[in-house]
Amino acid sequence: QVQVVESGGGLVQAGGSLRLSCVASGTIFSINAMGWYRQAPGKQRDLVAAITSGGSTNYADSVKGRFTLSRDNAKNTVSLQMNSLKPEDTAVYYCKAYGRTSGSAPVLNYWGQGTQVTVSS
């Protein structure tokens with residue numbers, strides 16, 4: 001199986017910065033993509049940013065220009081640098097790894113437990 005662990009959440013004032021990190025470990029054959037999603041109370045879980053193994057990135061419009069995603073393929077890690085944070089960025093942030101455990105296994109989504117980000121006004 002693949003385990004996904006996030007770190008780096010916390011409380012910050014509006015305009016501040018936080019850096020989230022995520023590592024995928026376990027029985028990994030390949031990781032096609034990794035990314036961050038967030039879920040605010042009473043709302044659905046939405047994509048924040050994702051990156052493929054080739055380095056292509058995709059950002060939600062609401063975070064473009066403020067958040068930067070980076071990935072280390074060799075270490076199966078991904079980091080999200082969040083700058084100019086706003087109260088509306090408050091949510092639980094989840095890391096997802098999209099990969100497989102062997103060459104014949106299906107490609108699956110593996111989720112972390114989530115980390116809370118709270119931005120005070």
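Author: A disulfide here is a pair of cysteine sulfur atoms within 2.5 Å. The model is predicted, so local features need pLDDT of at least 70 and side-chain atom pairs count only at pLDDT 80 or more, while totals for chains, interfaces and linings use all residues. Residues are numbered from 1 along each chain as its sequence is written, and side-chain values use heavy atoms, with hydrogens and water left out.

A search of the whole structure finds 1 disulfide. Its partners are cysteine 22 and cysteine 95, whose sulfur atoms lie 2.0 Å apart. The torsion about the S-S bond of cysteine 22 and cysteine 95 is about -85°, so this disulfide is left-handed. The pair links distant parts of the chain, 73 residues apart: cysteine 22 sits in strand S3 (residues 18–26) and cysteine 95 in strand S9 (residues 91–100). Strands are DSSP runs of E with at least two residues, helices are runs of H or I with at least four residues, and both are numbered from the N terminus.

Buried means under 20% relative accessible area, exposed means over 50%, and partly exposed lies in between, with a 1.4 Å probe and protein chains only. Cysteine 22 is buried, with a relative accessible area of 3%. Cysteine 95 is also buried, at 0% relative accessibility.

Asparagine 76 leads on from cysteine 22. Contact means heavy atoms within 4.5 Å. Not counting residues up to four places away in sequence, asparagine 76 touches Cys22, Val23, Ala24, Ile28, Ile31 and Met34. Its place is in the loop between strand S7 (67–72) and strand S8 (77–82). Asparagine 76 is buried, with a relative accessible area of 15%.

Strand S8 holds serine 79, which counts as buried at 13% relative accessibility. Leaving aside neighbours within four places in sequence, serine 79 is in contact with Arg19, Leu20, Ser21, Trp36, Thr68, Leu69 and Ser70.

Further along, leucine 85 lies in the loop between S8 and S9. Leucine 85 is buried, with a relative accessible area of 1%. With neighbours within four places in sequence left aside, its contacts include Val12, Leu18, Arg66, Phe67 and Val119. From leucine 85 to valine 63 the C-alpha distance is 9.1 Å, and the two are 22 residues apart in sequence.

The wider setting is as follows. The protein has 0 helices and 11 strands. Its radius of gyration is 14 Å, close to the 14 Å that the globule rule gives for 121 residues, so the protein is as compact as a globular protein of that length. That radius is taken over C-alpha atoms, and the rule is 2.2 Å times the number of residues to the power 0.38. Along the principal axes, the C-alpha atoms fill a box of roughly 50 × 25 × 20 Å. Of the 121 residues, 40% are buried. Among contacts with a separation of 6 or more, 57% come from residues 24 or more positions apart.
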